[in-house]
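Subject: Structure for your review

Dear colleague,

Please find below the structure that I promised to hand over to you.

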Amino acid sequence: MAKIFCQKLSISPNYWFFLFFYLPLQYQLFLGMETTDSVYNIHKGSYKDDNLVLTSNPEMLMSLDNQFVMRFVFCRAGNITIHYKGNDIELHSNEMMFLPPINDNEVLSIKKDDDYLGGAFACKSGLIKQAFQFNTTMRNISVYLHTHPVIHWQMDDAFVNTMRDLFIYAAKNSESMFREDMVRSLFLFVLYAIIDKIADKAEDADTGLLNRGEVLYMKFLGLLNQHYKEQREVAFYANELHLSPKYLSAICKEQSGKSASIWINEAVVEEIRYQLLHSDLSVKEICVMMNFPNISFFGRYVKKHLG
C-alpha cells in the first residue's frame, strides 16, 4: 500500500511509509486447491483475501472479526446447528442463514452433523458498498434479513455445478492478474441472486419487528453510506438522528460490537484503499474527493489507519 501511495504521489517509499454461493455451492467447492504464499491465502476447502472469505467449513466464521459484516451459512445436505444470540438454530437441506456481527460478550458456535454438506461466506462492508447503493430497497432487505435470517432456497443442480466450476477455475488461476476480480465478480453474481430471491418479500419488511436500537443502527448505516466521503465526525450522524454522539456510539457498540467512530473510519479507509489500488486518481484527487483539508493531513490519517 505504501508503494502504491508513493507511486501516485511520485515520491520515494522511504519518504512516505503510507498508510476498508451459494458460494461454496457444494461441499467440494474449493477442495484440492493448493496452498500459496500469495496475498489470497488459499488453502484446502477455502478462499480468503482482505475482504472476502469463502469456505466449505462454516466454523471458520467463528474466527473472523466484526469487519466482516455480512455472513451466510449454507446447508446443502444434512444438518448444522448455529448457536447465535442465545438461540440454537438448526439448518436443514437447502437452507441458508444470515449472521450479522456479534457483540464482544456474545458467543457464536457452530456444530455440524456428520452428514453435513455446505459452507459459508463472509465479506466486509467495502465490498457491499461497491455492489449496492443503500436505498429504500436495500434498507428493506437489511430489515428482512435481520428479522428473517433463515432462508429456504432450492438450488438448481446445473446452476450449482456451473458456479462451482467457475469458482474453482478463478481461484486456482494464480497466474492471472485478475484472479481476485474474477472471484469477487462470481461472488457478487451469487449475492445478487440471493438478494433477488428475497427482494419481493423484503418489500413488506416490518420495522416494527425491530427494537429501537436496531432501527437507529440501520438508519446510521444508511447515513454513513451516503455521507462517509465528506463527513467523518460522529457528531454529524448523531445530529441527523437527533441523538447525542455518546448514545449513538453506544447503540452501534450494542448492535455490532463496534463504535460509531470505528464504523466511520473503516468506511473511509476502505474507500481510500480501493481508490489507491483500483482507480487512476492521484493522491491529491483522492484527498479532495474524501474532503480532507490538505495532502499532509490526508497522509497522516492514512498512515494512522493503514500503517
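A residue counts as buried when its relative accessible area is under 20%, as exposed when it is over 50%, and as partly exposed in between. By this cut-off Arg-184 is buried, because its relative accessible area is 10%. Please bear in mind throughout that this is a predicted model.

**Salt bridges**

Side chains of opposite charge can pair when their charged atoms come close. The structure holds 5 salt bridges. One of them joins the side chains of Asp-49 and Arg-184, with 3.6 Å from N to O. This pair links distant parts of the chain: Asp-49 belongs to the loop between β1 (46-48) and β2 (52-55), Arg-184 belongs to helix α5 (residues 179-202), and the two are 135 residues apart. Asp-49 is buried, since its relative accessibility is 2%. Asp-49 and Arg-184 also belong to a network of salt bridges that includes Glu-180.

Lys-229 and Glu-271 form another salt bridge through their side chains, at 3.9 Å from N to O. Lys-229 is in the loop between α6 (212-227) and α7 (234-240), whereas Glu-271 is in helix α9 (residues 260-278), so this pair ties together parts that are 42 residues apart in sequence.

Arg-164 counts as buried at 16% relative accessibility, whereas Asp-165 is partly exposed, with a relative accessible area of 42%.

**The sheet**

Let us turn to the strands. An open sheet is formed by 6 strands, in the order β1-β2-β8-β3-β6-β9, and their pairing is antiparallel. Which strands lie at the edges of this sheet? They are β1 and β9 (150-152), each of which pairs on one side only. On average, neighbouring strands of the sheet are turned by 10 degrees against each other, with direction ignored.

The pairing at β9 may be followed in the model. Strand β6 (residues 95-98) and β9 pair in the antiparallel sense over 3 bridges. Met-97 has Val-150 in β9 as its bridge partner.

The next item is a contact between helices. α6 packs against helix α8 (residues 245-256) at an angle of about 105 degrees, and their axes are 9 Å apart. Angles of 65 to 115 degrees count as roughly perpendicular, and therefore α6 is roughly perpendicular to α8.

On the side of α6, the residues that meet α8 are Arg-212, Gly-213, Glu-214, Leu-216, Tyr-217 and Phe-220. On the side of α8, the residues are Tyr-247, Leu-248, Ile-251, Cys-252, Gln-255 and Ser-256. The residues of this contact comprise 7 nonpolar, 3 polar and 2 charged.

Ala-260 is buried, with a relative accessible area of 0%. Ala-260 and Pro-245 are 15 residues apart in sequence, and their C-alpha atoms are 8.4 Å apart in space.

**Two residues with positive phi**

Finally, I would draw your attention to two backbone angles. Asn-94 is not a glycine, yet it has a positive phi of about 65 degrees. Asn-94 is placed in the loop between β5 (87-91) and β6, and at 9% relative accessibility Asn-94 counts as buried.

Asn-291, likewise a residue other than glycine, has a positive phi near 65 degrees. Its place is in the loop between α10 (283-289) and α11 (295-306). Is Asn-291 buried or partly exposed? Asn-291 is partly exposed, because its relative accessible area is 43%.

Yours sincerely,

A colleague

Notes: Residues are numbered from 1 along each chain as its sequence is written. This is a predicted model: local features need pLDDT of at least 70, side-chain atom pairs count only at pLDDT 80 or more; totals for chains, interfaces and linings use all residues. Side-chain values use heavy atoms; hydrogens and water are left out. A salt bridge is a side-chain nitrogen of Lys or Arg within 4 Å of a carboxyl oxygen of Asp or Glu. Helices (H or I, at least four residues) and strands (E, at least two) are DSSP runs, numbered from the N terminus. Buried means under 20% relative accessible area, exposed over 50%, partly exposed in between (1.4 Å probe, protein chains only). Two strands pair if DSSP finds at least two bridges between them. Axes are lines fitted to C-alpha atoms, for helices over the stretch in contact, and angles run from 0 to 180 degrees between N-to-C directions. Angles under 35 degrees count as roughly parallel, over 145 as roughly antiparallel, 65 to 115 as roughly perpendicular and the rest as oblique. Contact means heavy atoms within 4.5 Å. Ala, Val, Leu, Ile, Met, Phe, Trp, Tyr, Cys and Pro count as nonpolar, Asp, Glu, Lys and Arg as charged, and the others, Gly among them, as polar.
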